[in-house]
Each structure stands twice: as C-alpha cells, then as structure tokens.
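Below are my notes on this entry, as numbered points. Please read them with the structure open.

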Amino acid sequence: MDVMKENPGEVLDVVVVGGGPAGLTAGIYLARARMNALLIEKQSPGGAPALTERIENYPGFPEGISGYELVDRMRRQAEGFGLRIASFNPLRGLREEDEGGEVKVLDTEEGELRAYAAILATGMRPAKLGVPGEEEFHGRGVSYCATCDGAFFKDSVVAVVGGGNSAVEEALFLTRFARRVVIVHRRDRLRAGKILQERALSNPKMDFKWKKVVKEIRGDQKVTGLLLADVESGEEEELPVDGVFLYVGNLPNTEELRGAVDLDERGFILTDADLRTSMKGVFAAGDVRAGAVWQVAAAVGDGVRAALNAQFHVENLRGTAYI
Ligand code: NAP
C-alpha cells in the first residue's frame with residue numbers, strides 16, 4: 001500500500017505504530033469508530049507472539065492457540081473493519097509539527113506521516129547475552145527463536161539460557177526435536193510460572209545446569225559447546241551442545257523515540273493511567289510501556305484503552321466528542 005502517494009500532505013486521525021496484539025487491538029477499535037487510522041509495521045503484523053508456538057493463557061482458547069494464528073485472526077478482524085495496514089520500516093522519529101501543536105509528524109524511511117494522534121505499540125526484542133561467540137555463531141547454532149529454528153536441531157543436544165517463562169516454554173518446545181535440552185540458569189530455581197516449572201522438571205528429556213553462567217559460545221563452523229562458570233565458585237566447565245537458544249530478557253523498541261517521549265531508565269515509555277505519554281496526543285500500549293506485565297491479554301487491554309483515549313483526543317480537537 002503506497003500510503004505516502006495516496007493523499008500527500010493528509011493529516012490522519014491516528015497512526016498506530018506496531019502490529020502486535022496491542023497495535024492490532026487499537027486498530028480494531030479505531031476502525032470500528034470510523035477513525036481515519038493507519039497502522040504501520042516493520043515487517044508483517046504479529047509482533048513477538050507470532051513467533052510463539054502455542055499460547056495457553058489467552059482467555060477463550062481452552063486448548064491454547066498458535067501465536068501466529070491468534071495475531072493473524074486479530075489482523076483479519078482489524079482489516080475486516082477497514083483498518084489500513086502498511087508494512088514498511090516505520091519509525092525514524094516523532095515530533096510535533098509546531099511546538100505544542102496538534103499535528104504529530106512521524107518520520108519514516110518512505111517519508112513523513114502526519115496525524116492528530118499516535119499510539120506507540122512497538123514492543124520489545126530479545127536481549128543479547130553479550131559473550132564471545134554470540135555474534136559469530138548467530139544463525140550457526142545461536143538462536144533467539146525456538147519456533148523458527150527448533151526443527152533444525154532434530155536429535156541434537158541444545159542448551160537454553162535463562163529461567164523465565166520464555167526460556168522454559170521454548171525449552172519444552174525444543175524437546176519435540178532435540179534429544180536433550182539443557183537449561184542453563186544463573187540461579188538454583190526457575191523464574192517461570194509454576195505450571196511451566198512442573199512440566200520442565202518432570203520432562204525426561206530436560207536437564208538443568210543450576211547457578212551457571214555462559215562465559216563463551218564455542219564452535220568451528222557451527223556451535224560445538226558452551227563454556228560455563230559456576231556463579232559461586234567461578235569453576236569452569238565445558239558443556240558440549242549443537243545449539244544454544246538465548247532467552248535472557250528483552251529490550252524495548254524505543255531507540256527512535258528517545259528525546260520525543262519520556263522513557264524510564266531501561267528505555268520503556270512512561271505513561272499515565274490513560275496511557276498518555278509526555279507528548280500530547282501520543283499514547284503507548286503493550287510491552288513497550290513502562291509497567292507492562294508482558295502478557296498478550298494485557299497488551300490487548302492496553303490497545304483498547306489507548307484507542308479509546310486517542311479517539312477521544314481527536315474528537316475533542318474537532319469538537320465532536322460525545323461527552
Ligand atoms: P524474563 O522474565 O526477564 O527472564 C529472563 C531470564 O534470563 C531470567 O531468568 C534472568 O535471570 C535471565 N537472565 C537475564 N540476564 C541474564 C544474563 N546476563 N545471564 C544469564 N541469565 C540472564 O524474560 P522472558 O522470559 O523473555 O519473559 C519476558 C516477559 O514475558 C515476562 O514478564 C514473562 O512472564 C512474559 N512471558 C510470558 C509467557 C507466558 O505467560 N506463558 C511466555 C513468555 C513470556 P534471573 O531470573 O536471575 O533474573
């Protein structure tokens with residue numbers, strides 16, 4: 001969709017940045033409110049959940065649902081109500097056209113978009129571990145996505161680093177392919193929720209290296225092992241593996257927003273209870289928001305709130321708000 005050429009100079013009602021559950025939900029609400037809204041997304045809509053093999057805690061799906069299917073349904077629902085979605089590398093910057101003015105300018109690689117309101121739902125991305133070998137062997141045994149790469153490790157031995165929900169969920173997924181899955185965690189117990197812990201601890205294909213950190217990822221053409229160190233004694237050991245999946249936390253996608261809206265010390269967007277950011281008319285929703293609980297269901301709720309408040313903001317500017 002060549003939105004830039006359709007109506008050059010047009011001021012849209014709302015631009016939603018990001019096509020994960022928060023952005024798509026905002027899109028459903030804005031489209032039904034007949035706002036002139038556009039959702040822009042870096043690749044194809046879906047966000048991080050699209051890469052989750054199975055989501056079991058989104059209400060209404062007692063058997064669980066594939067992450068891809070859940071967000072694809074959201075996309076179809078939004079487009080069904082008339083939401084326009086444009087896929088291009090979206091944001092290079094955000095500013096007010098005039099200081100304190102009503103029009104927001106979103107600078108993208110393909111030109112500038114203008115709108116009376118914006119919803120920032122840019123999500124987060126996996127953090128790097130920052131050890132030797134990580135960059136060198138990325139794609140040659142080092143992965144951040146079991147759903148994408150797990151099938152390449154049939155009958156192999158793989159390590160999963162981290163003790164959170166992502167690490168344990170993806171480690172369990174990997175037991176479908178791998179002969180053995182070793183969770184390497186820096187503590188002596190898991191951070192992940194209890195139901196995942198129960199499944200992991202009772203899975204005969206799973207092993208645990210407690211209180212260990214990865215010092216180095218080793219290999220030749222591809223990964224052959226990890227150098228581990230005990231967090232207390234510092235004692236080192238080599239763990240031979242064919243691959244390693246890293247789930248050591250996440251970073252917010254806010255680099256392009258620095259200076260435009262207030263961020264917390266980790267880079268997440270600060271909002272008030274109505275999801276307003278420090279820039280008037282600009283809202284934040286989903287994982288990128290400081291204080292988010294990083295759940296699909298919560299991101300959906302944020303999308304609703306941000307959309308209703310953005311709609312009110314625009315209608316209020318026009319004098320058409322139903323008060
Ligand atoms: P997370 O909860 O932040 O867990 C990251 C894990 O990596 C932690 O166990 C942490 O150890 C470990 N870690 C961080 N830095 C490390 C380092 N330098 N070296 C070794 N280990 C390191 O991240 P996540 O698992 O990606 O989850 C993110 C959010 O999404 C969470 O709120 C989670 O609940 C949510 N989520 C939910 C589901 C679900 O509901 N099923 C699924 C996936 C994600 P410590 O424990 O010692 O800090």
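1. Two strands are taken to pair if DSSP finds at least two bridges between them. Helices (H or I, at least four residues) and strands (E, at least two) are DSSP runs, numbered from the N terminus. The model is predicted: local features need pLDDT of at least 70, side-chain atom pairs count only at pLDDT 80 or more, and totals for chains, interfaces and linings use all residues. Residues are numbered from 1 along each chain as its sequence is written, and side-chain values use heavy atoms, with hydrogens and water left out.

2. An open sheet is formed by three strands in the order 12-13-14, with antiparallel pairing. Strand 12 (212-219) and strand 14 (236-240) are at the edges with a single partner strand each, so one side of each has no neighbour in the sheet. On average, neighbouring strands of this sheet are turned by 25° against each other, direction ignored.

3. Strand 12 and strand 13 (residues 223-230) run antiparallel and are joined by seven bridges. Ile217 has Leu226 in strand 13 as its bridge partner.

4. Thr175 lies in the loop between helix 5 (165-174) and strand 10 (180-184). Thr175 counts as buried at 10% relative accessibility (buried is under 20% relative accessible area, exposed over 50%, partly exposed in between; 1.4 Å probe, protein chains only). Neighbours within four places in sequence aside, Thr175 contacts Val181, Asn203, Lys205 and Met206 (contact: heavy atoms within 4.5 Å).

5. Asp302 belongs to helix 7 (residues 296-318) and is buried, its relative accessible area being 9%. Not counting residues up to four places away in sequence, Asp302 touches Leu275, Ala285, Gly286 and Arg289.

How values were computed:
Axes are lines fitted to C-alpha atoms, for helices over the stretch in contact, and angles run from 0 to 180 degrees between N-to-C directions.
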